[in-house]
Amino acid sequence: MLRSINLISKLPPILQDKKEYINVCQTQDKEFIFLYSKINDCLNDQYLHDLTLNGIKRWEKIMKITPKASETLEDRRFRIINRYLNKLPYTMVSLKELLNTLCGEDGYNINYDVQNFKLKIRVALTAKHQIEEVKRNLKYIVPTNIFQDISLLYNQYDNVNRFKHSQLEVFTHNSIREELLTIEGN
């Protein structure tokens with residue numbers, strides 16, 4: 001949030017129309033705006049979900065994470081949050097809390113077959129780029145005697161039927177199934 005600074009308005013009215021004072025105040029206005037933006041960045045870096053680039057770099061150094069060149073800031077922030085939340089012991093309740101934090105409350109489906117020791121998790125399409133990090137985290141959390149089946153939660157009929165055939169014809173079958181559908185006008 002950029003603050004609006006107008007130092008000239010703080011001067012007595014008799015000085016507000018003097019060129020020298022106007023120039024000095026305009027220069028200082030820019031410096032104050034820069035200062036406020038840096039203070040705001042420091043405040044944002046206190047919270048993992050609001051990390052700036054500087055905060056992300058600092059956490060990556062602390063956690064010994066080497067970012068990939070293709071990763072976005074959101075992907076890097078997601079990895080930091082994921083690693084931060086990686087602590088034992090885990091129960092089904094805490095696993096759901098972890099997935100709620102990483103993927104959102106509606107961002108996944110989970111099914112645990114107790115008799116056959118199978119854990120099936122489907123991650124929503126909005127987290128498609130982050131599924132590898134979810135898999136990595138669960139590898140350390142879920143006991144090794146439980147088979148893990150983790151993949152994407154594909155688009156279902158209910159997600160696709162709101163679009164007209166003419167809108168969907170520009171997509172391939174795989175992209176309709178696997179991508180987050182955003183079509184103008186909907």
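Guide: A residue counts as buried under 20% relative accessible area, as exposed over 50%, and as partly exposed in between, with a 1.4 Å probe and protein chains only. This is a predicted model, so local features need pLDDT of at least 70 and side-chain atom pairs count only at pLDDT 80 or more, while totals for chains, interfaces and linings use all residues. Residues are numbered from 1 along each chain as its sequence is written, and side-chain values use heavy atoms, with hydrogens and water left out.

By that cut-off, Ile-5 is buried because its relative accessibility is 17%. Ile-5 belongs to the segment before helix H1 (19–44); helices (H or I, at least four residues) and strands (E, at least two) are DSSP runs, numbered from the N terminus. Contact means heavy atoms within 4.5 Å. Leaving out residues up to four places away in sequence, Ile-5 touches Asp-29, Phe-32, Ile-33 and Tyr-36. The C-alpha atoms of Ile-5 and Asp-29 are 5.5 Å apart, although 24 residues separate the two along the chain.

For the setting as a whole, 32% of the 186 residues of the protein count as buried. There are eight helices and three strands, in the order α-α-α-α-β-β-α-β-α-α-α from the N terminus. Of the contacts between residues at least 6 apart in sequence, 45% join residues at least 24 apart.

Next comes the core. A nonpolar core is a set of buried Ala, Val, Leu, Ile, Met, Phe, Trp, Tyr and Cys residues joined through side-chain atoms within 4.5 Å. The largest one here has 26 residues, and Leu-102, Val-134 and Leu-138 have the most contacts inside it. Two or more residues each come from helix H2 (53–63), helix H3 (73–84), H4, S2, H5 and S3. H4 gives the most, with five residues. In soluble globular proteins, nonpolar side chains tend to be buried together. Beyond its neighbours within four places in sequence, Val-134 is in contact with Phe-78, Asn-82, Leu-99, Leu-102, Cys-103 and Val-123.

The strands form an open sheet of three in the order S1-S2-S3, with mixed pairing; two strands pair if DSSP finds at least two bridges between them. Strand S1 (108–113) and strand S3 (147–152) are the edge strands, each pairing on one side only. From one strand to the next the twist averages 10°; axes are lines fitted to C-alpha atoms, for helices over the stretch in contact, and angles run from 0 to 180 degrees between N-to-C directions. S1 and S2 are antiparallel over six bridges, and Asp-113 has Lys-118 in S2 as its bridge partner. These two strands form a hairpin with four residues between them, where Phe-117 in the turn has a positive phi of about 55°. Strand S2 (residues 118–123) and S3 are parallel, again over six bridges, with Leu-152 in S3 as the bridge partner of Val-123. Helix H4 (residues 92–103) packs on the sheet, touching S1 and S2, and its direction makes about 160° with that of S1. Helix H5 (residues 131–141) also packs on the sheet, touching S2 and S3, at about 165° to the direction of S3.

Helix H3 also holds Arg-77, which is buried at a relative accessible area of 11%. Not counting residues up to four places away in sequence, Arg-77 touches Leu-48, His-49, Asp-50, Leu-51 and Ile-56.

Last, the structure holds one aromatic pair. Trp-59 and Tyr-84 form it edge-to-face, at 5.9 Å centre to centre and 85° between the planes. Rings of Phe, Tyr and Trp (its six-membered ring) pair if their centres lie within 6.5 Å, and planes under 30 degrees apart count as stacked, over 60 as edge-to-face and the rest as tilted. The pair links helix H2, which holds Trp-59, to helix H3, which holds Tyr-84, 25 residues apart. Trp-59 is buried at 19% relative accessible area, whereas Tyr-84 is partly exposed at 47%.
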